[in-house]
Amino acid sequence: MAIDTKRLNKTVAKKSSRPSWETYFMEITFLVAKRSTCLRRVVGAVIVKDKRILTTGYNGAPTGVKHCIEVGCLREKLNVASGQNHELCRGIHAEQNAIIQAAFHGVNINNAFLFCTNLPCSICAKMIINAGIKKIYYASGYADAISGEMLKEAGVETIKFNDIIKSSELPIL
């Protein structure tokens, strides 16, 4: 028995709706986060311009350096609180990796949007501002008050993604 693909496609189209561009990119951001090698926080970032993905990034050690999943977490050993003493970490943040990938491959991210699982820290915020990223969509906050202040002062719009869609639509890691 042959399957009527035209009828099937129409039925599927009626029962499901296409995600918004924001939902589409945020879901991809959560998929990117699954590559994270951090033992404390799984973070993904996607840089988008004109509805096209330019780069992605996740948190983990630099290329050629052992990851925390291999050698342990110095921050956990020293009991360092989230959002403090970022220099005591062998990993690079997801946002930093996405920006570095753009530089490495010669991709212009000026006036782009960033989708991130978490609101960026103040170190990432400085990089985002200087990279010319204009808008950040994020799913969860981060324990760094300076970040939000700097982004606001620089005119970078931040949008908490749960305000746009139901939190039940976000993928769970």
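Visitor: Which residue follows helix 6, and is its phi positive or negative?

Guide: Helices are DSSP runs of H or I with at least four residues, strands are runs of E with at least two, and both are numbered from the N terminus. In this structure G132 comes directly after helix 6, and its phi is positive, near 85 degrees. The model is a predicted one, in which local features need pLDDT of at least 70 and side-chain atom pairs count only at pLDDT 80 or more, while totals for chains, interfaces and linings use all residues. Residues are numbered from 1 along each chain as its sequence is written, and side-chain values use heavy atoms, with hydrogens and water left out.

Visitor: Which residues other than glycine have a positive phi?

Guide: N79 is one of them, with phi near 60 degrees; another is N111, with phi near 70 degrees. N79 sits in the loop between helix 4 (74-77) and helix 5, and N111 in the loop between helix 5 and strand 3.

Visitor: Is N79 buried or exposed, and what of N111?

Guide: A residue is buried under 20% relative accessible area, exposed over 50% and partly exposed in between (1.4 Å probe, protein chains only). N79 has a relative accessible area of 72%, so it is exposed. N111, at 42%, is therefore partly exposed.

Visitor: How many helices and strands does the protein chain have, and in what order do they run?

Guide: There are seven helices and five strands. Read from the N terminus, the order is α-α-β-β-α-α-α-β-α-β-α-β. Of the 173 residues in the protein chain, 38% are buried. The accessible surface (Shrake-Rupley method, 1.4 Å probe, for residues only the protein chains shown counting as cover) is about 10,600 Å², and carbon and sulfur atoms account for 53% of it.

Visitor: What percentage of the contacts between residues at least 6 apart in sequence join residues at least 24 apart?

Guide: A contact means heavy atoms within 4.5 Å. In the protein chain the figure is 56%.

Visitor: At what angle do the axes of helix 5 and helix 6 cross?

Guide: Axes are lines fitted to C-alpha atoms, for helices over the stretch in contact, and angles run from 0 to 180 degrees between N-to-C directions. Helix 5 (residues 94-105) and helix 6 (residues 122-131) have axes that come within 9 Å and cross at roughly 30 degrees. Helix 5 is therefore roughly parallel to helix 6, a description used for angles under 35 degrees, with over 145 roughly antiparallel, 65 to 115 roughly perpendicular and the rest oblique. Their crossing is left-handed: the near helix is turned anticlockwise from the far one by less than a right angle, whereas clockwise would be right-handed.

Visitor: Which residues of helix 5 and helix 6 meet?

Guide: From helix 5, E95, Q96 and I99 meet I123, C124, M127, I128 and A131 of helix 6. The residues of this contact comprise six nonpolar, one polar and one charged. Here Ala, Val, Leu, Ile, Met, Phe, Trp, Tyr, Cys and Pro are nonpolar, Asp, Glu, Lys and Arg charged, and the others, Gly among them, polar.

Visitor: How do helix 6 and helix 7 pack?

Guide: Their axes are 8 Å apart, at an angle of about 15 degrees. Helix 6 is therefore roughly parallel to helix 7, and the crossing is right-handed. Helix 6 contributes S122, A125, K126, I128 and I129 to the contact, and helix 7 contributes I146, S147, M150 and L151. Six of the residues in this contact are nonpolar, two polar and one charged.

Visitor: Which residues of helix 6 are buried, and what covers them?

Guide: The buried residues are S122, C124, A125, I128 and A131. Their cover includes helix 5, strand 3 (113-118), strand 4 (135-140) and helix 7 (145-153).

Visitor: Where is K135 found, and is it buried or exposed?

Guide: K135 belongs to strand 4. Its relative accessible area is 17%, so K135 is buried. Leaving aside residues up to four places away in sequence, K135 touches A112, F113, L114, V156, E157 and I159.

Visitor: What does I28 touch?

Guide: I28, in helix 2 (residues 21-33), touches V46 and I53, again not counting residues up to four places away in sequence. The C-alpha atoms of I28 and G44, 16 residues apart along the chain, are separated by 8.7 Å.
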